[in-house]
Amino acid sequence: MIRDIRLYGDAILRRPADQVADFGDHLRQLAEDLLITQDEAQAVGLAAVQIGVNQSVFSIDGSQVKRRGRREVLVNPVLADCDGEVVEEEGCLSFPGIFAPVARPKWVAIRARGIDGEIIEREAKGYLARAYLHEIDHLNGRLFTDLMDPDTRVDVIRKVRSVIAKRWPGNGNSHCGEVPYLPRLAEQVDDP
């Protein structure tokens, strides 16, 4: 089932997601929903909190990355180690059409569980490392805007609010609430 992706605002959980203890059918259904929704959005990764499920789970499609990573769902992931730093443009499905420079480690090692509870350890560098960390951040209640310098963050939030005001006029709020991800929304981003 394709799920709505939560856009910037109160609809995005800003606290750590709950750890998964039950590795049963519910988790398998969530994993399937994440992968289908991720594919529909043409994304590399998607955290459960982005579709309104407060569980520490994310999907990743490393096969879209040059290093031929895996397509999988990771449960209760944690950063085990990291090294280096690189600043690159980063985007997020919860901020359609918005990209900004973000500093992240060049290399990471993560530990997680699979949907059947098996232990998974992954190492990645470059773009795949960035994707792992981006999704883990979502599960820890952080957004990529939290890693931006203050001027860039203000500019990004101003752009997002402008898009929201154009798309949902009369809302009166500084956030959009729970709305579906609309790929065409990215085309409407103008500098305020």
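Reader: Which side chain meets that of Arg130 in a salt bridge?
Author: A salt bridge here is a side-chain nitrogen of Lys or Arg within 4 Å of a carboxyl oxygen of Asp or Glu. For Arg130 the N to O value is 3.7 Å, and the pair links distant parts of the chain, 42 residues apart, from helix H2 (residues 126-139) to strand S4 (residues 86-92). Helices (H or I, at least four residues) and strands (E, at least two) are DSSP runs, numbered from the N terminus. The partner is Glu88.

Reader: What is the basis of these values?
Author: This is a predicted model, in which local features need pLDDT of at least 70 and side-chain atom pairs count only at pLDDT 80 or more, while totals for chains, interfaces and linings use all residues. Residues are numbered from 1 along each chain as its sequence is written, and side-chain values use heavy atoms, with hydrogens and water left out.

Reader: Is Arg130 buried or exposed?
Author: Buried means under 20% relative accessible area, exposed over 50%, and partly exposed in between (1.4 Å probe, protein chains only). Glu88, at 35%, is partly exposed. Arg130 has 4% relative accessibility, and therefore counts as buried.

Reader: Which residue forms a salt bridge with Arg142?
Author: Arg142 is partly exposed at 38%. Its closest N and O atoms to the partner are 2.4 Å apart. Both residues belong to a network of salt bridges that includes Glu88 and Arg130. The partner is Asp137.

Reader: How many residues apart are Arg28 and Asp25 in helix H1?
Author: Their side chains meet in a salt bridge (3.9 Å, N to O). About one helical turn separates them, because the spacing in helix H1 is three residues.
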